[in-house]
Amino acid sequence: MKSIGVLGWELPPFFAGGLGIHTLNLFSIIGRIENITLYIPRFTNEAIRYAFRVKMVNYNPVGSPYEKNKEFYQKVMDYNEILINEVSKDHDIIHMHDWITVPAGIKLKEKYGKKLVFTVHSTEYDRSGGFYPQERVLKIEREGMLAADRIIAVSHYTKRIITEKFSIDPNKVTVVHNGVKSSIFSSFTKNYELKNKILYFGRVTPQKGAKFFIEAAYKVRRYIPSAKFIVAGEGDQLNEIKSLSYSLGLENTVNFYGFVSEAESVKLYLDSDVFILPAVSEPFGMTVIESLSTGTPAIISKTTGVGEALNHVLKADFWDTDKIANYIIAVLKYRKLREALGIFGKFEASKFSWENTALKTLEVYNSL
Amino acid sequence: MKFIVMFLEAHQPRRLNNFRYQDIGTGKDYFWDEKNRDIIQRISKNSYLPTLTLLADYKVPITLSFSGILLEQLWKYEPSVPELLKEYLRNSGELAIESYYHSLSSIWNPDRFLNEIRKDMEMKQNIYNREFKTFRNTEMIYNDNIDKIVNNLNVKNILTEGTDSLIWKFNPNFIYKTPHGHNLFLRNYRLSDDISFRFSTREWNEYPLFSEKYLSWLSNSPGDVINLFMDFETFGEHQRKETGIFEFLEALITKAKDYNLKFTTVNEAAELLYPQREISIQDYISWADIPRDLSAWLGNELQRDLFEMLKALSGCIPDNIYNYLLTSDHLYYVSLGTTPDITVHTYFNPYGSPYDAYINFRNILEDLRQKYCNKN
């Protein structure tokens with residue numbers, strides 16, 4: 001049994017972002033096989049039981065890793081400083097997750113000569129949606145990639161970014177797709193009666209391409225005036241997106257639902273004809289698998305990583321809102337298309353499991 | 001003496017344009033003729049012209065088929081091919097007759113099917129000034145019912161697939177009889193696919209395939225005939241000239257006699273040999289995909305939806321559009337198949353994915369319905 005020190009940032013029920021969900025699901029399985037210690041900031045003094053050892057470091061940052069402010073950057077640095085001193089020297093492997101744990105990982109490797117694994121869930125190129133990526137974050141990401149003995153990318157799409165934009169040796173990078181807790185999403189039977197509803201569900205940020213969803217809504221309305229477009233989620237760009245939809249006269253077409261919980265999201269998927277993710281750059285795209293698991297067809301951008309493993313989705317360039325509109329209209333007008341995409345999509349989504357993700361991650365540990 | 005009965009099928013559809021829902025009612029062209037021209041010119045250069053030149057040079061008798069809609073397009077875009085075909089047929093070989101539009105009318109509408117065959121017969125007899133007696137249906141689709149329909153015509157020989165369930169009982173290296181007395185030729189798929197699929201496959205344990213080895217296989221395969229039926233484009237398009245496919249074909253032609261083998265057309269073989277037992281085939285068979293049935297065109301709900309809609313719209317859409325929609329390729333592109341078939345489907349799919357092919361075709365049918373069929 002190997003001892004793995006996992007450097008984390010968030011963990012449900014605290015900050016249930018994608019990174020936290022990944023950490024919880026993956027290490028709940030790996031924790032049965034290897035000796036896992038997860039380090040995270042001290043969000044609480046309560047004792048919560050997990051399927052692996054959790055060590056809360058004496059630091060409590062409040063803020064999400066996806067905010068771009070200076071304050072957040074400083075908090076990351078402070079957390080990493082403390083991590084260096086709190087991580088045990090007895091681990092065989094140190095496993096970093098995203099840039100927010102890289103500075104400590106590198107120092108620990110130098111200090112104890114441990115093997116270093118780096119999982120890249122997203123890069124600064126993705127998070128900035130291509131607009132003004134922060135140089136200092138890019139620099140940390142690249143240092144982490146260079147220092148790591150093995151890199152795990154959540155998709156081939158992300159692997160390409162790592163090898164091409166960061167010039168990293170491709171032999172060092174293993175692609176391991178995320179899983180999905182499919183039972184939550186797949187235990188209902190979808191009916192394919194027309195609902196006239198098109199769903200956007202995710203953070204409202206330039207990275208996720210919410211703007212293109214609104215543009216597509218505008219183009220679809222001409223052909224299907226009664227169609228309703230739902231924006232579920234919050235984010236930096238929400239006000240901008242609201243103004244855009246009002247300025248296009250879509251106040252009766254686009255509805256904003258705000259924050260939506262996981263349980264509510266299942267209902268939303270089931271009650272929509274199609275789910276749209278027009279992301280500018282999405283390393284994986286867990287929501288696509290969630291939507292398909294409910295039997296709801298998905299239209300996604302070609303720059304959404306999970307698309308590389310899916311045949312039963314419709315794919316367009318994120319900026320090609322004419323094509324996205326054509327797809328939306330077709331899914332709404334042609335019931336057989338809705339059914340085929342939904343039924344085959346659900347089957348295809350069932351391939352994604354955290355067990356597979358865990359097995360492949362273990363293979364990476366064993367290769368060291 | 002054993003006969004090599006080689007049959008090459010040349011066909012290209014008139015591909016449909018990329019047609020979005022927003023294009024409905026705008027008068028956009030239904031057909032992607034620029035693409036069709038490019039593909040036909042490319043394949044003519046890579047395959048039709050060099051292969052026909054080789055066959056004409058050696059005056060080697062084989063059976064060829066060019067679908068009606070391919071010949072139409074060749075006259076328009078690359079007339080040197082039908083001219084060269086004429087030259088070849090003056091001295092040797094035969095043409096097979098098929099359904100002019102390469103459609104699925106045989107399984108749907110016998111009258112339409114017969115009209116398509118008659119149209120194909122007339123066109124080929126007028127141009128090539130000979131009567132042709134060999135019939136092969138779209139993609140080798142066949143059963144007793146098709147045998148019965150074809151009995152209305154002056155056809156002597158029918159070609160179809162030697163499926164696993166048939167060759168278990170009937171060695172494909174003999175000629176058989178259909179219930180209506182036609183000569184039935186079954187494709188030897190193993191020996192055919194050795195050339196058309198595996199010739200340049202480095203992972204194949206027989207790679208590289210030299211003519212001596214292959215001819216010895218043919219020579220050792222017991223029976224009267226070796227039915228090598230394949231796509232014409234095998235020579236030069238699917239198997240590029242760099243693979244040595246033309247040298248291979250030339251060597252087969254020149255060395256066959258050393259192995260006591262002789263090339264002949266389907267019709268000549270039928271005249272020289274006595275047919276074996278009668279074969280009755282109930283379910284539809286074809287040469288497509290692993291299942292060798294109709295599933296390549298009608299295997300999923302999307303394909304059946306399009307086919308039903310096509311049928312429902314017959315009679316109101318003008319023939320000069322409608323007939324070209326019937327070509328089986330438009331449905332083939334919508335196959336969701338299974339690996340490894342899906343890779344073959346994707347190879348031929350000009351629209352990217354089966355779903356795109358469906359949406360495209362469905363939008364075009366929607367446009368036509370609104371325009372001509374007045375059933376809003």
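**Domains, dimer contact and core**

Modeller: 16 residues of domain 1 of chain A are in contact with 12 residues of domain 2 of chain A. Keep in mind that this is a predicted model.

Colleague: Which elements give two or more residues to the domain 1 side?

Modeller: Helix 4 (124-127) and helix 6 (156-164) of chain A.

Colleague: And how do the residues on that side divide?

Modeller: On the side of domain 1 of chain A that touches domain 2, four are nonpolar, 10 are polar and two are charged.

Colleague: Where are the bounds in the domain assignment of chain A?

Modeller: Domain 1 is 3-179 + 353-366, and domain 2 is 182-349. Their C-alpha centres lie 29 Å apart.

Colleague: Back to helix 6 of chain A. Which residues in it are buried?

Modeller: A:Tyr157, A:Thr158, A:Lys159, A:Ile161 and A:Ile162.

Colleague: New topic. How many residues does each chain put into the A-B contact?

Modeller: Chain A gives 13 residues and chain B gives 12 residues. On the chain A side, helix 12 (321-333) and helix 13 (335-349) each supply at least two.

Colleague: Which helix of chain A gives the most?

Modeller: Helix 13, with six residues.

Colleague: What about the residue types on that side of chain A?

Modeller: Nine are nonpolar, one is polar and three are charged.

Colleague: Now the core. How many residues are in the largest nonpolar one?

Modeller: The largest nonpolar core has 203 residues. Those with the most contacts inside it are A:Ile151, A:Ile276, A:Ile299, A:Ile328 and B:Val5.

Colleague: Take A:Ile328. What is it in contact with, leaving aside neighbours within four places in sequence?

Modeller: A:Ile198, A:Ala216, A:Val220, A:Val274 and A:Ile299. A:Ile299 is also among the residues with the most contacts inside the core.

Colleague: Last one, strands 9 and 10 of chain A. Parallel or antiparallel?

Modeller: Parallel. Four bridges join strand 9 (residues 228-232) to strand 10 (residues 254-258). A:Phe229 stands opposite A:Val254 in strand 10.

Colleague: What does the chain pass through between strand 9 and strand 10?

Modeller: Helix 9 (residues 238-247) of chain A.

Colleague: Is that β-α-β crossover right-handed or left-handed?

Modeller: Right-handed.

Notes: Residues are numbered from 1 along each chain as its sequence is written. Chains are lettered from A and ligands numbered from 1 in the order in which they are written. This is a predicted model: local features need pLDDT of at least 70, side-chain atom pairs count only at pLDDT 80 or more; totals for chains, interfaces and linings use all residues. Two residues are in contact if their C-beta atoms, placed from the backbone, lie within 7 Å. Ala, Val, Leu, Ile, Met, Phe, Trp, Tyr, Cys and Pro count as nonpolar, Asp, Glu, Lys and Arg as charged, and the others, Gly among them, as polar. Domain bounds come from an automatic or database domain assignment. A nonpolar core is a set of buried Ala, Val, Leu, Ile, Met, Phe, Trp, Tyr and Cys residues joined through C-beta atoms within 7 Å. A residue is buried if 20 or more other C-beta atoms lie within 10 Å of its own, exposed if 12 or fewer, and partly exposed in between; C-beta atoms are placed from the backbone. Two strands pair if DSSP finds at least two bridges between them. A crossover is right-handed if, with the strands pointing away from the viewer, the path from the first strand over the helix to the second runs clockwise.
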